[in-house]
Amino acid sequence: MHGVTGATSFLFTEYQYVGIFMVAFAILIFLFLGSVEGFSSKSQPCTYDKEKTCKPALATAIFSTISFLLGAITSVLSGFLGMKIATYANARTTLEARKGVGKAFIVAFRSGAVMGFLLAANGLLVLFVAINLFKLYYGDDWEGLFEAITGYGLGGSSMALFGRVGGGIYTKAADVGADLVGKVERNIPEDDPRNPAVIADNVGDNVGDIAGMGSDLFGSYAESSCAALVVASISSFGINHEFTAMLYPLLISSVGILVCLITTLFATDFFEIKAVKEIEPALKKQLIISTVLMTVGIAIVTWVGVPSSFTIYNFGDQKVVKNWQLFLCVGVGLWAGLIIGFVTEYYTSNAYSPVQDVADSCRTGAATNVIFGLALGYKSVIIPIFAIAISIFVSFSFAAMYGIAVAALGMLSTIATGLAIDAYGPISDNAGGIAEMAGMSHHIRERTDALDAAGNTTAAIGKGFAIGSAALVSLALFGAFVSRAAISTVDVLTPKVFIGLIVGAMLPYWFSAMTMKSVGSAALKMVEEVRRQFNTIPGLMEGRAKPDYATCVKISTDASIKEMIPPGALVMLTPLIVGTFFGVETLAGVLAGALVSGVQIAISASNTGGAWDNAKKYIE
């Protein structure tokens, strides 16, 4: 099957390039962290508690580099395995669609679930093993131990950055190229085997939506675990060496896996899906059931694993926190995630008025469609931002930065279910593609299309989760950075902080400009290639000759590999450059600005895209 080989070969090429970059970045981390005491290997006083001695900076440098590479490898692995499962699942879903919608749904959903559990379990396992192995060396120096563990989150999310950008450029270039020439100019159906870009398009769904999404959610998950662990290590948990309470973030995630196991059974075993209209409610129920069960799960874990009263480090002093307050921190993140999921669903599903309005505006042409679509995206930002704002306020007032980190973990605690309904989208999309290419009867295509329309919405929900949790995580990490850099307050009124803010807020736009330009130029090449094939290969339109699929796949691959480096470098190098030349306070401004404007762009762009996609399905 073309799809399997295409996707695998692309990922290997991508990982080769990214691998080189990772090694370079790992060396950088080692040099920066190790050079603190001139690479000395003797013990030094701790950062937060000068009486105690901590392990040398050199050791922390080595271990941070190791955990960075561990995080990167786990991230790559979760993306790659997810994609392997998806490529197998595509064809199976198509075959099951012959028996009916319900059967096809179960296959698509289960394969999404396999990926979700793989990712959640992998991330947890590697982190837990790493902590226990590092403990053999660090012994009682928990502050150093968990500082070294933070590399894990950085590795996970830097890989996610490349997976997302590379995969995204790949999939969109193929999509635009295939549809513009095929559907618009030549008037052949979507995913028609006569279209040269059809294989690239299908590979793109796997690479971008599955491998990219997997790495992305894994990145947020690893970051929030690490942020929580770092803050805890200098709180009473770390000072008094309470190992169970210390690993509270990991306990939340592990309960999450159990809860999601039970939740998945509701979609596949307890209730049978008979008709098309039951698909979206079934996926929505998944979110609700997992959230409700998880709330109970968190209550139990907090009650059993955490002392009834403890202290949390808060910018220099210890703040007393009760265990019910900690429970509320996680709970508020969890429910904020549900709200973001539902708002996303409302704005991107063709069952509700926003998408129907966009579809309706198409009667007067493309221009009004674009205006309505953009307006929809901007409007969909409002409620999620309030949800994030409330959870930040509640969790910060209860448990300072630790509260925010665990709120992000709460949002991601049902990650297995979230990924299951997310990966379900591209799987059913490709099942439709296979049905079309294999020339199966049209009612099978109708069934897969019904699955796919629900899939577009769930994919947008998954992105909503990733964005919301990333916003909380980056705030928690920002707090960790500020306390580590010993800045007590970041004063917006000082010019160096303010210029940082305004430049930071610009960065997401610069980044988006790079990625959009890349997609545009790659799509241009793709369109030219597809046109060339239609014009020069005799008998292609009549179906007598086979198109040259490989060239199109190559265009997408080359474009995404070449184009993912500049945006990636922009993100990775900005903090280093700003911090080195302008100092920590400006950097604090830049980070805050980028966080604030990035969230807005991300939510609005993701929802506009999902809405246009479903408006198209609604019209068809």
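This is a predicted model: local features need pLDDT of at least 70, side-chain atom pairs count only at pLDDT 80 or more; totals for chains, interfaces and linings use all residues.
**Notebook: Tyr15 and onward**

I started at Tyr15, which touches Val76, Gly79, Phe80 and Met159 once residues up to four places away in sequence are not counted. Contact here means heavy atoms within 4.5 Å. Tyr15 sits in helix 1 (residues 2-34). My helix and strand numbers run from the N terminus and follow DSSP runs (H or I of at least four residues for helices, E of at least two for strands).

Numbering starts from 1 along each chain as its sequence is written, and side-chain values use heavy atoms, with hydrogens and water left out.

**Back to Tyr15**

Is Tyr15 buried or exposed? Tyr15 counts as buried because its relative accessibility is 17%. My cut-offs are under 20% relative accessible area for buried, over 50% for exposed and partly exposed in between, with a 1.4 Å probe and protein chains only.

**Cores**

Next I looked at the nonpolar cores, meaning sets of buried Ala, Val, Leu, Ile, Met, Phe, Trp, Tyr and Cys residues joined through side-chain atoms within 4.5 Å. The largest has 115 residues, and Phe105, Ile149, Tyr248, Ile279 and Tyr402 touch the most other members. Helix 3 gives the most to this core, 18 residues. A second, separate core has 51 residues, including Phe10, Val76, Met159 and Val578.

I then picked Tyr248. Leaving aside neighbours within four places in sequence, Tyr248 is in contact with Ile298, Val301, Thr302, Val306, Leu326, Val330, Tyr402 and Val406.

I checked the spans next; the expected span is 1.5 Å times one less than the number of residues. Helix 2 (residues 57-96) has 40 residues and reaches 57 Å from first C-alpha to last, close to the 58 Å expected. Where does helix 2 bend? The bend is at Ala89, by about 25°, taken as the angle between axes fitted to the seven residues ending there and the seven starting there.

Helix 3 (residues 101-138) has 38 residues and reaches 55 Å from first C-alpha to last, close to the 56 Å expected. Gly139 follows helix 3 with a positive phi, near 60°.

**Helices 5 and 14**

I put this pair side by side. The axes of helix 5 (residues 198-233) and helix 14 (residues 415-437) come within 10 Å and cross at roughly 175°. That makes helix 5 roughly antiparallel to helix 14. The classes are under 35 degrees for roughly parallel, over 145 for roughly antiparallel, 65 to 115 for roughly perpendicular, and oblique for the rest. Axes are lines fitted to C-alpha atoms, over the stretch in contact for helices, and angles run from 0 to 180 degrees between N-to-C directions.

On the helix 5 side the meeting residues include Val198, Asn202, Asp205, Met213 and Tyr221, and on the helix 14 side they include Ile415, Leu419, Pro426, Gly433 and Met437.

How many residues of helix 14 are buried? I get 21 of 23, so helix 14 is mostly covered. Its end C-alpha atoms are 33 Å apart, which agrees with the 33 Å that 23 residues should span. Just after helix 14, Gly439 takes a positive phi of about 65°.

Gly214 is in helix 5 too. Gly214 is buried, with a relative accessible area of 0%, and touches Met115 and Leu119 when residues up to four places away are not counted.

I noted two cases. His241 has a positive phi of about 55° although it is not a glycine. His241 lies in the loop between helix 6 (236-239) and helix 7 (243-246) and is partly exposed, with a relative accessible area of 32%. Ala400 has a positive phi near 50°. Ala400 is in helix 13 (residues 382-412) and counts as buried at 0% relative accessibility.

**Last two stops**

Ser556 lies in helix 17 (residues 549-619) and counts as buried at 0%. What does Ser556 touch, not counting residues up to four places away in sequence? I find Tyr170, Ala173, Ala174 and Met526.

Tyr313 is in strand 3 (residues 309-314) and is buried at 14% relative accessible area. Tyr313 and Ser483 are 170 residues apart in sequence and 9.6 Å apart, C-alpha to C-alpha.
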